[in-house]
Amino acid sequence: MEKKNVIVVGAGFAGLTAARELQIAGIDYHIVEARDRIGGRAWTDDRLGRPLEIGATWVHWHQPHVWSEITRYGQDIIASPVVDTAYWYAGGELKSGTEAEMDAKLARPMEKIFENSREFFPEPHKPLLVLDEKFGASQELKDAFLAADQAGVLDALEDGDFTQEEKDLCNAYWSAGYIGYPEQGSSLMAKQWAALCDHRLSLVDEQTLRYKLVNGMRGIYGNIAKDLTGEIRLNTVVTAIEHGEDSATVTYADGTSETADAVIVTVPVGALGNITFTPGLPEGAQKTVEQKWNSTGFKAWIKIKGHHNIFGYAPQPAVVSVLRSEYFEDDDTTICVAFGSDHEKIDLESIEDAQKVVDQWRPDLEVVGVTGHDWVADEYSGQAWATLRRGQFTEGWHHFRTSTSSLHFAGADWASGWRGVVVDGAIETGISTAREVINKLRG
């Protein structure tokens with residue numbers, strides 16, 4: 001029997017894990033990657049005098065797929081610091097206290113935002129389960145689920161007696177969490193995050209912003225790549241994919257093309273518009289590509305003089321919504337991580353811009369360095385992590401999970417579990433999509 005061959009587009013976590021599954025199954029493959037490096041939106045790079053995560057950062061033992069890789073490759077984790085002083089705004093007034101005091105103020109409004117997470121997500125890794133006729137949910141629950149997808153994540157706070165302080169804290173929190181404007185983000189995404197975290201805000205915080213890898217993400221993606229025997233072709237840009245029932249032809253920017261039995265595309269939504277698909281993508285998938293996600297923001301690393309263990313929250317229209325100390329360096333500096341909702345509002349190499357960010361909480365601190373990567377402007381990603389607009393939870397990502405041809409999709413954008421902020425979903429879909437391809441090729 002003739003040996004099957006698969007082309008994997010993208011050398012991020014999804015592409016690397018998909019390739020490993022194909023290799024285990026004895027199927028020939030090679031990976032083509034547009035960038036000059038592997039890792040995709042996970043990128044450990046040496047900046048500001050130390051290794052920094054330019055993309056995905058945090059991991060947790062409750063994230064099943066990434067924890068398996070941490071175990072496989074013997075990686076260690078370290079906790080981000082618990083801060084000494086937190087700063088936040090309430091109706092324009094700057095307040096301060098301990099991190100625990102700030103978290104306590106978030107508890108009541110977040111409980112409202114997470115409302116119905118248990119009913120909507122009885123099995124968190126099956127996000128649309130309540131809409132499945134076989135599940136047998138009541139029409140009332142289905143209607144409530146669909147309505148929640150049309151609601152913004154902050155809409156729940158408009159009714160009730162929530163203070164401006166509570167609203168401002170949640171605005172800052174979700175401006176960072178949605179890495180975009182929270183009023184445009186589907187409330188279901190926040191509720192699924194809660195369901196993935198035992199419906200506890202403290203565990204949401206732990207899973208998304210507390211533990212990181214001692215050796216960085218490259219300690220995992222680099223080791224996966226070392227296990228691969230198939231070729232990884234860097235600087236190889238895909239411009240077109242023609243797909244039929246039993247074969248796919250991939251065309252590259254240099255005009256060359258090649259045919260395989262199947263192709264697995266791990267390109268995120270923000271960059272899928274750069275590839276011409278023949279036949280075109282199904283209507284629901286194409287609509288998502290045209291709309292893109294709610295992911296318009298940025299992540300920055302800001303270096304300040306002295307050791308300062310701080311946490312800052314600021315609601316819209318602040319350029320940076322969340323800032324937190326992460327590393328205390330031997331040269332008596334502190335490196336902070338920062339998140340904002342609009343990548344066009346900051347120059348990630350400008351100390352002046354970074355100083356303005358820090359000034360909103362601590363004007364006495366001096367910025368001496370800043371770095372980051374504009375993922376939204378990056379033609380090979382077009383976004384940071386995938387966060388869903390209103391209506392896209394029930395009409396968006398899932399259109400890419402079923403295949404009727406030799407074209408298949410993998411990546412965090414299509415994950416059933418952690419679709420954004422961490423790499424768990426990328427690994428999940430790399431494995432599941434590869435297994436679908438393997439089963440199909442085996443007949």
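**Exercises on a predicted model**

Glu33 sits in the loop that runs between β2 (28–32) and β3 (44–47). Keep in mind that this is a predicted model.

**Exercise 1.** Work out whether Glu33 is buried or exposed, and find what its side chain reaches.

*Solution.* Start with the accessibility: Glu33 has a relative value of 5%. The cut-off for buried is under 20%, so Glu33 counts as buried. Next, list its contacts, skipping residues up to four places away in sequence: Glu33 touches Gly10, Ala11, Gly12, Arg233, Leu234, Asn235 and Thr236. Finally, zoom in on the side chain of Glu33, which reaches the backbone nitrogen of Ala11 at 2.7 Å.

**Exercise 2.** Find which residues the UniProt "binding site" annotation covers, and check how they are placed in space.

*Solution.* The record, an unreviewed UniProt entry, puts Glu33, Ala34 and Val238 under that label. They're spread over 206 residues of sequence, yet they cluster in space, with a largest C-alpha distance of 8.4 Å. Now look at the largest pocket: its lining takes in Glu33, Ala34 and Val238. Ala34 is also in the loop between β2 and β3. Beyond four places in sequence, Ala34 makes contact with Asn235, Thr236, Val237 and Tyr380.

**Exercise 3.** Pick out the residues that touch the most other members of the largest nonpolar core.

*Solution.* That core holds 87 residues, and the ones to pick are Phe13, Ile113, Trp174 and Tyr313. Then check the domains: the core draws at least three residues from each of domain 1 (3–40 + 214–291 + 379–440) and domain 2 (98–210). Apart from this core lies another, of 38 residues, including Ala195, Ile275, Leu388 and Trp397.

Conventions: Residues are numbered from 1 along each chain as its sequence is written. This is a predicted model: local features need pLDDT of at least 70, side-chain atom pairs count only at pLDDT 80 or more; totals for chains, interfaces and linings use all residues. Side-chain values use heavy atoms; hydrogens and water are left out. A nonpolar core is a set of buried Ala, Val, Leu, Ile, Met, Phe, Trp, Tyr and Cys residues joined through side-chain atoms within 4.5 Å. Buried means under 20% relative accessible area, exposed over 50%, partly exposed in between (1.4 Å probe, protein chains only). Domain bounds come from an automatic or database domain assignment. UniProt positions are given in the numbering used here, feature names are shortened, and annotations may be inferred rather than shown by experiment. On a 1 Å grid over the protein atoms alone, a cavity is a set of points where a 1.4 Å probe fits but cannot get out, and a pocket is an open set with protein on both sides within 12 Å along at least five of seven lines; lining residues have an atom within 4 Å of a point. Helices (H or I, at least four residues) and strands (E, at least two) are DSSP runs, numbered from the N terminus. Contact means heavy atoms within 4.5 Å. A polar contact is a pair of N or O atoms within 3.5 Å; within protein, one must be able to donate a hydrogen and the other to accept it, and residues adjacent in sequence count only if both atoms are side-chain atoms.
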